[in-house]
Amino acid sequence: MSQPGAPVSNNMTASIISIFFFWPLAIPAIMNASKVNERLAAGDIAGAEQAAAESRKWSKLAFIIGGVLYVLCCGFYVIFFVLASAATVAA
């Protein structure tokens with residue numbers, strides 16, 4: 001955990017960027033990131049660190065799942081166009 005008074009990153013930038021990768025998981029990331037500053041202002045450092053950790057977890061999952069889906073989608077497009085090209089040449 002961080003030292004008392006040490007800043008806790010709210011991870012809002014990564015949470016917002018994760019919308020473009022996999023938005024269903026970006027929503028809880030943004031919701032948890034928005035709780036960090038509120039909890040810090042209330043003096044709840046442990047709660048702020050927990051919200052920041054949850055935000056990092058959800059945004060990381062959004063990046064991973066979105067990246068995997070992007071790679072799979074590109075792979076399927078390549079396979080589709082190769083097969084379509086082969087069918088056109090054979091016909």
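In which segment is Asn-11 found? Asn-11 is found in the segment before helix H1, which spans residues 12–17; helices here are DSSP runs of H or I with at least four residues, strands are runs of E with at least two, and both are numbered from the N terminus. The model is a predicted one, in which local features need pLDDT of at least 70 and side-chain atom pairs count only at pLDDT 80 or more, while totals for chains, interfaces and linings use all residues. Residues are numbered from 1 along each chain as its sequence is written, and side-chain values use heavy atoms, with hydrogens and water left out.

Most residues other than glycine have a negative phi, and most peptide bonds are trans. The phi of Asn-11, by contrast, is near 65°, a positive value in a residue other than glycine. With a relative accessible area of 14%, Asn-11 is buried, where buried means under 20% relative accessible area, exposed means over 50%, and partly exposed covers the range in between, all with a 1.4 Å probe and protein chains only. Leaving out residues up to four places away in sequence, Asn-11 touches Ala-33, Ser-55, Arg-56 and Ser-59, a contact being heavy atoms within 4.5 Å.

Not counting residues up to four places away in sequence, Ser-55 touches Asn-10, Asn-11, Ser-15, Ala-29, Asn-32 and Ala-33.

Val-36, leaving aside neighbours within four places in sequence, is in contact with Val-8, Ser-9, Asn-10, Ala-48, Ala-51 and Ala-52.

Side chains of opposite charge can pair when their charged atoms come close. The structure holds one salt bridge, a term that requires a side-chain nitrogen of Lys or Arg within 4 Å of a carboxyl oxygen of Asp or Glu. Lys-57 forms a salt bridge with Glu-54, and the closest N and O atoms are 3.3 Å apart. Because Lys-57 and Glu-54 are three residues apart in helix H3, they are separated by about one helical turn. Lys-57 is partly exposed at 38% relative accessibility, and Glu-54 is partly exposed with a relative accessible area of 29%. Glu-49, which also lies in helix H3, is buried, with a relative accessible area of 13%.

Leu-61, Ile-64, Ile-65, Val-68, Leu-69, Leu-72, Phe-76, Ile-79 and Leu-83 form a nonpolar patch on the surface, with about 820 Å² of accessible area together. Patches are made of residues with over 30% relative accessible area and no salt bridge, with like charges joined within 9 Å and nonpolar side chains (Val, Leu, Ile, Met, Phe, Trp, Tyr) within 5 Å. Accessible areas come from the Shrake-Rupley method with a 1.4 Å probe, and for residues only the protein chains shown count as cover. Leu-61 lies in helix H3 and counts as partly exposed at 35% relative accessibility.

Ser-85, placed in helix H3, is partly exposed with a relative accessible area of 39%, and it is 49 Å from Ser-34, C-alpha to C-alpha. Val-89, found in helix H3, counts as exposed at 69% relative accessibility; Val-89 and Cys-73 are 16 residues apart in sequence and 24 Å apart in space, C-alpha to C-alpha.
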